Amino acid sequence: MQALIRCANQEDLGKLREFLTLASLGTDGLTEETVEYFLLLEDEDSNVKGTLGMEAIKEFGLLRSLAVTTGQADKDILLLFNQMLQLAKDKGLSDLFLATNKGAAIGFFELLGFKIVDRDDLPVEFYKLEHIRHVLNVDNSLFLKFSL
């Protein structure tokens, strides 16, 4: 199967929400204005096989909504991240952050160039995001940063 990664658009809003809901991920903040900050991984029949999004505030981005269907190749996940880094650069962002409570994922993110940061090092603007407020209440949550 040849995978295609592209930026989502307003016409994709319904299928993106459906895919995230099936993956038990929230869709808060996913609107017509923010959908262009999401990438879709699709098969040749335009079926969504994965997604990765970000919330942008000022010059900072917060990665969210990474979901892939069972059996997606690791290279496809890596391509999603590489394309997201390019999208963030194209949007003029200076830093990308992500949150995880899965210690096993830290090595993968570090291979991509992310570095663990203290909660105190998060941009003040992030504390306005419901997603961050939720993550701060999750045990063992860690934050990582990638400077573009």
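Trainee: Why is Pro 123 called buried?

Mentor: Its relative accessible area is 8%. Buried means under 20%, exposed means over 50%, and partly exposed lies in between (1.4 Å probe, protein chains only). At 8%, Pro 123 is therefore buried. Two notes on the source: this is a predicted model, where local features need pLDDT of at least 70 and side-chain atom pairs count only at pLDDT 80 or more, while totals for chains, interfaces and linings use all residues. Residues are numbered from 1 along each chain as its sequence is written, and side-chain values use heavy atoms, with hydrogens and water left out.

Trainee: Where is Pro 123, and what does Pro 123 contact?

Mentor: Pro 123 is in the loop between β6 and α4. Helices (H or I, at least four residues) and strands (E, at least two) are DSSP runs, numbered from the N terminus. Setting aside neighbours within four places in sequence, Pro 123 contacts Phe 60 and Phe 97. Contact means heavy atoms within 4.5 Å.

Trainee: What makes Phe 60 and Phe 126 an edge-to-face pair?

Mentor: Rings of Phe, Tyr and Trp (its six-membered ring) pair if their centres lie within 6.5 Å; planes under 30 degrees apart count as stacked, over 60 as edge-to-face and the rest as tilted. By this rule there are 8 aromatic pairs. For Phe 60 and Phe 126, the centres are 6.3 Å apart and the planes stand at 85 degrees, so the pair is edge-to-face. The pair links distant parts of the chain: Phe 60 is in strand β4 (residues 60–68), and Phe 126 is in the loop between β6 (115–117) and α4 (130–136), 66 residues apart.

Trainee: Are those two residues buried or exposed?

Mentor: Phe 60 has 13% relative accessible area and is buried. Phe 126 has 0% and is buried.

Trainee: How do you know that the charged end of Lys 91 sits over the ring of Tyr 37?

Mentor: The rule asks for NZ of Lys or CZ of Arg within 6 Å of the ring centre and within 35 degrees of the ring normal. The charged end of Lys 91 is 4.7 Å from the centre of the Tyr 37 ring.

Trainee: What makes a nonpolar core?

Mentor: A nonpolar core is a set of buried Ala, Val, Leu, Ile, Met, Phe, Trp, Tyr and Cys residues joined through side-chain atoms within 4.5 Å. The largest core has 22 residues; Met 54, Leu 63, Phe 81, Leu 96 and Phe 114 touch the most other members. The largest share, 7 residues, comes from α2.

Trainee: How do you know that the length of α2 agrees with expectation?

Mentor: The expected span is 1.5 Å times one less than the number of residues. For the 17 residues of α2 that gives 24 Å, and the end C-alpha atoms are 24 Å apart, so the two agree.

Trainee: Why is Ser 141 called buried?

Mentor: Its relative accessibility is 7%, so Ser 141 counts as buried. Ser 141 is in the loop between α4 and β7.

Trainee: Which side chain makes a polar contact with the side chain of Ser 141?

Mentor: The side chain of Arg 119, at 2.7 Å. A polar contact is a pair of N or O atoms within 3.5 Å; within protein, one must be able to donate a hydrogen and the other to accept it, and residues adjacent in sequence count only if both atoms are side-chain atoms. The side chains of Glu 55 and Arg 64 also make a polar contact, of 3.4 Å. Glu 55 is buried, at 18%.
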